[in-house]
Amino acid sequence: VGVVAALAIGAFAVNQWWCWPLYWFAQASMFWSLFVVGHDCGHQSFSNSRTLNDFVGNIVHASILVPYHGWRISHRTHHSNHGHVENDESWHPVPKKIFDSMEPLARIGRLSLPWSMFAYPFYLWSRSPGKTGSHYDPSCDLFTPGER
């Protein structure tokens with residue numbers, strides 16, 4: 001988190017046109033790194049201590065505006081239903097019949113452009129298509145009664 005702040009301070013201090021693209025790349029790399037640390041905490045593989053995993057996961061995911069426990073629970077659901085067309089929490093495939101009827105550019109965009117990167121904030125707010133609730137709302141059906 002300190003590196004993220006240092007990069008921002010450095011970019012503002014230099015404040016030259018050529019510096020900003022370098023800053024954006026470095027900042028994106030750091031945000032991805034923070035997400036990966038939180039991901040490992042969610043899998044309880046960051047350390048042997050669940051308390052430490054949850055503490056670090058909360059800190060690093062909060063710094064990138066991802067709700068750690070909501071994400072951890074939906075990610076667990078994703079892994080327990082990985083590749084299941086209806087039950088997977090985060091993977092939403094297009095049925096072959098619909099895919100075949102798409103315009104060629106839509107088909108290319110569906111498979112080759114990083115839409116998920118742009119859709120991720122919306123996914124956190126409203127979950128996958130066909131699911132109700134939000135990662136930010138512990139009363140939604142994503143959470144079991146013991147997780148609320």
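# Exercises on helix packing and buried residues

Helix α2 passes α3 in a left-handed crossing. The model is predicted.

**Exercise 1.** Determine how α2 and α3 are oriented to each other, and which residues make the contact.

*Solution.* Step 1: the packing angle of α2 and α3 is about 150°, and their axes are 8 Å apart. Step 2: angles over 145 degrees count as roughly antiparallel. Step 3: α2 and α3 are therefore roughly antiparallel to each other. Step 4: on the α2 side the contact is made by Leu34, Phe35, Val37, Gly38, His39 and Cys41, and on the α3 side by Asn53, Val56, Gly57, Val60, His61 and Ser63. Step 5: sorted by class, this contact of α2 with α3 holds 6 nonpolar and 6 polar residues, with no charged ones.

**Exercise 2.** Carry out the analysis for α1 and α2: give the angle, the orientation and the make-up of the contact.

*Solution.* Step 1: α1 covers residues 2–14 and α2 covers residues 19–42; the two pack at about 175°, with 10 Å between their axes. Step 2: the angle is over 145 degrees, so α1 and α2 are roughly antiparallel. Step 3: α1 contributes Val3, Val4, Leu7, Ala8, Ala11, Phe12 and Val14 to the contact. From α2 come Cys19, Trp20, Tyr23, Ala26, Gln27, Met30, Phe31 and Leu34. Step 4: the residues of the contact of α1 with α2 comprise 14 nonpolar, 1 polar and no charged.

**Exercise 3.** Is Asp54 buried or exposed, and which residues does Asp54 contact beyond its neighbours within four places in sequence?

*Solution.* Step 1: Asp54 lies in helix α3, which runs over residues 50–63. Step 2: the relative accessibility of Asp54 is 14%, and the cut-off for buried is under 20%, so Asp54 counts as buried. Step 3: with neighbours within four places in sequence left aside, Asp54 is in contact with Gln44, Tyr68, His69 and Arg72.

**Exercise 4.** Summarise the overall architecture of the protein: its elements, span, burial and contacts.

*Solution.* Step 1: the protein has 7 helices and 0 strands. Step 2: read from the N terminus, the order of elements is α-α-α-α-α-α-α. Step 3: the C-alpha trace spans about 55 × 45 × 25 Å along its principal axes. Step 4: of the 148 residues in the protein, 30% are buried. Step 5: take the contacts between residues at least 6 apart in sequence; 41% of these join residues at least 24 apart.

Key
Residues are numbered from 1 along each chain as its sequence is written. This is a predicted model: local features need pLDDT of at least 70, side-chain atom pairs count only at pLDDT 80 or more; totals for chains, interfaces and linings use all residues. Side-chain values use heavy atoms; hydrogens and water are left out. Axes are lines fitted to C-alpha atoms, for helices over the stretch in contact, and angles run from 0 to 180 degrees between N-to-C directions. Helices (H or I, at least four residues) and strands (E, at least two) are DSSP runs, numbered from the N terminus. Angles under 35 degrees count as roughly parallel, over 145 as roughly antiparallel, 65 to 115 as roughly perpendicular and the rest as oblique. Contact means heavy atoms within 4.5 Å. Ala, Val, Leu, Ile, Met, Phe, Trp, Tyr, Cys and Pro count as nonpolar, Asp, Glu, Lys and Arg as charged, and the others, Gly among them, as polar. Buried means under 20% relative accessible area, exposed over 50%, partly exposed in between (1.4 Å probe, protein chains only). A crossing is left-handed if the near helix is turned anticlockwise from the far one by less than a right angle, and right-handed if clockwise.
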